[in-house]
Amino acid sequence: MNDQEIAKKITSYLDRGTAGLKAGTAFKLQRARQRALDRLSAPQHAAEFALAGAGGATLGGGRRFFADARIWIGLLLLVGGILTYQYWQAAQQARDIEETDAAILSSELPIEAYLDRGFQAWLKRSEP
Amino acid sequence: MAQALRALTAAALLAIAFASSPVAAVAVGPRAPSWAELSPSDKEVLAPLAAEWDSLDPARKQKWMGIAKRYPTMAPPERERVQQQMGAWVRLTPDQRRQAREQYKSLKQLPPETRQQVPQKWQEYQQLPPEKRRELDSRSGAPPTGKP
């Protein structure tokens, strides 16, 4: 009997065995496999974080670098900061325009006076 | 390390580009209610703008709503002037409005006693002969703006 024949025999035995498995046993086996896989991947994660924490000097590629949540938080803060500043600046400018327009419209001087360059020149000349 | 740094720089530039793009500005831009959506009190104050309102851009709508909010705090003669002039103001070109604001700000810097005399001066100026006024206008070194 050569190796191949032995293997065939074993697999046929195994196949028959698995076909006869109870549902509960199959479930337990699946759970155990899952647990084993989880345990296998956990230490890898830990190593990645440890590397990230050790500083950029030990890091080779960009991909692992971007796995660090702090990079994303930093970028998010940057974008948030720029947006907030822009919004604040636009609001400030809008308030200034609103204030000026309200003052021009309510002033005793008609709008034409603010637009008349001749008047502006004349006013400057008649200033003491 | 260099690769990571390059990647980070690229991402930061991308973030800045997004944040300063008009898309972001629109996303945080002001609300723009239609004329029908305005409150009855805003409609009353802004009545001279009823015809133009829906064609105004959001920022201008927001500004006019701000002016409407200031309106109750104004003295009766001021309120009257605001309502009389808003129609003309809204029809000015952006350049004319900018020029008027600049002129307002420069007048504001005059000493109080001189500033008080400005409306009086305007009356005097209008009494000048038209040729004299034209001459002043041409000598001011800027193209004539004409009436609003």
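This is a predicted model: local features need pLDDT of at least 70, side-chain atom pairs count only at pLDDT 80 or more; totals for chains, interfaces and linings use all residues.
Residues are numbered from 1 along each chain as its sequence is written, with chains lettered from A and ligands numbered from 1 in the order in which they are written. Local features need pLDDT of at least 70 and side-chain atom pairs 80 or more, whereas totals for chains, interfaces and linings use all residues.

The complex has an ipTM of 0.75 and a pTM of 0.61 from the predictor. Helices are DSSP runs of H or I, at least four residues, numbered from the N terminus. Within chain B, helix H5 (residues 76-90) has the highest mean, 95, and helix H2 (residues 22-27) the lowest, 51.

Helix H4 (residues 69-106) of chain A packs on helix H6 (residues 94-108) of chain B. Their axes (lines fitted to C-alpha atoms over the stretch in contact) are 10 Å apart, at an angle of about 80°. H4(A) and H6(B) are therefore roughly perpendicular (65 to 115 degrees). H4(A) contributes Thr100(A), Ala103(A) and Ile104(A) to the contact; H6(B) contributes Ala100(B), Arg101(B) and Tyr104(B). Contact requires C-beta atoms, placed from the backbone, within 7 Å.

The largest nonpolar core holds 24 residues. Such a core joins buried Ala, Val, Leu, Ile, Met, Phe, Trp, Tyr and Cys residues through C-beta atoms within 7 Å; buried means 20 or more other C-beta atoms within 10 Å of a residue's own. Leu105(A), Ile111(A), Tyr114(A), Leu46(B) and Ala68(B) touch the most other members. H5(A) gives the most to this core, 4 residues. Leu46(B) touches Trp53(B), Trp64(B) and Ala68(B), leaving aside residues up to four places away in sequence.

Methods: pLDDT is the predictor's confidence in each residue, from 0 to 100. Helices (H or I, at least four residues) and strands (E, at least two) are DSSP runs, numbered from the N terminus. Axes are lines fitted to C-alpha atoms, for helices over the stretch in contact, and angles run from 0 to 180 degrees between N-to-C directions. Angles under 35 degrees count as roughly parallel, over 145 as roughly antiparallel, 65 to 115 as roughly perpendicular and the rest as oblique. Two residues are in contact if their C-beta atoms, placed from the backbone, lie within 7 Å. A residue is buried if 20 or more other C-beta atoms lie within 10 Å of its own, exposed if 12 or fewer, and partly exposed in between; C-beta atoms are placed from the backbone.
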